[in-house]
Amino acid sequence: MSFIAHGLQCTNDECALIDNHVFYRKHEGPPACPDCDSPRKIYWGHGQFPGVSGDGLGTFVPVDMGVLGKCETREEYNRAVGVIKKRFPGHSVVVEGDNATKREALADEHRQRSHDRLRGHGLTKKMHTEIKEMRKVQRAVAKKEALRHNKDPAKSKIKAESPVKTAGLSS
Ligand SMILES: [Zn+2]
């Protein structure tokens, strides 16, 4: 939804009112003549190019201008930029573009990351449990072995590194 500015002329020959600068919503078309309510056509007599300005309602993405506050409208934004330009002559303001596509991409990325993280945790937890179980068995074996050799089972150590089961990662 965007706005456009045109010169308009009333199509009613008796009225023929000319307005050099009418600001209207592009998709709604030129508004009717304020005098006689007849349709109006675009008028080029003023010799200017049509001006498009404004973003329409709801299309301006709020910009956080830091100490100047959050700008909810293009007008506020322009005012803030004006202040910055006055304070920092010769500098230009660059706002990193933010649009729906980019936001969606970021959201997707975030979802993917948390999914991966959760899955990662799941695997780690499962493997952790398995390793703990294995250690328990190994310790028990070591104690038994120590007793068999008349040694203090508390000081028994897991001897050889038993092969750790390789976890098969399936997706
Ligand atoms: Zn008219």
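This note sets out points on the fold, the sheet, the loops and the confidence of a predicted model.

1. Basis. The model is predicted, and local features are given only where pLDDT is at least 70, side-chain atom pairs only at pLDDT 80 or more, while totals for chains, interfaces and linings use all residues. Numbering starts from 1 along each chain as its sequence is written.

2. Confidence. The protein chain has a mean pLDDT of 74, and 67% of its residues reach 70 or more; pLDDT is the predictor's confidence in each residue, from 0 to 100. Strand β3 has the highest confidence in the protein chain, with a mean of 89, and strand β4 (residues 63–64) has the lowest, with a mean of 74. Where pLDDT is low, the predicted coordinates should not be read in detail.

3. Secondary structure. The protein chain holds 5 strands and 2 helices, and their sequence order is β-β-β-β-β-α-α. Helices (H or I, at least four residues) and strands (E, at least two) are DSSP runs, numbered from the N terminus.

4. The protein chain has 171 residues, of which 6% count as buried. A residue is buried if 20 or more other C-beta atoms lie within 10 Å of its own, exposed if 12 or fewer, and partly exposed in between, with C-beta atoms placed from the backbone. Among contacts in the protein chain with a separation of 6 or more, 43% are between residues 24 or more positions apart; two residues are in contact if their C-beta atoms, placed from the backbone, lie within 7 Å.

5. Sheet. An open, antiparallel sheet is formed by 3 strands in the order β2-β1-β3. Its edge strands, each pairing on one side only, are β2 (18–25) and β3 (40–43). From one strand to the next the twist averages 55 degrees; axes are lines fitted to C-alpha atoms, for helices over the stretch in contact, and angles run from 0 to 180 degrees between N-to-C directions.

6. Pairing of β1. Strand β1 (residues 3–10) is joined to β2 by 6 bridges, in the antiparallel sense. With β3, the antiparallel pairing of β1 covers 4 bridges. Strands are taken to pair if DSSP finds at least two bridges between them. Across from β2, alanine 5 faces phenylalanine 23 and histidine 6 faces valine 22. On the β3 side, leucine 8 has isoleucine 42 as its bridge partner. In a regular strand the side chains alternate between the two faces of the sheet.

7. Isoleucine 4. This residue belongs to strand β1. Isoleucine 4 counts as partly exposed because it has 18 C-beta neighbours inside 10 Å. Its C-alpha atom is 8.0 Å from that of valine 22, at a sequence distance of 18 residues.

8. Cysteine 15. The loop between β1 and β2 contains cysteine 15. Cysteine 15 has 15 other C-beta atoms within 10 Å and is therefore partly exposed. Leaving out residues up to four places away in sequence, cysteine 15 touches Cys10, Cys33, Asp35, Cys36 and Ser38. Cysteine 36 lies 21 residues from cysteine 15 along the chain, and their C-alpha atoms are separated by 7.1 Å.

9. Positive phi values. Alanine 16, in the loop between β1 and β2, is not a glycine but has a positive phi of about 50 degrees. Alanine 16 is partly exposed because 14 other C-beta atoms lie within 10 Å. Aspartate 37, in the loop between β2 and β3, also is a residue other than glycine with a positive phi, near 65 degrees. Aspartate 37 has 11 other C-beta atoms within 10 Å, so this residue is exposed.
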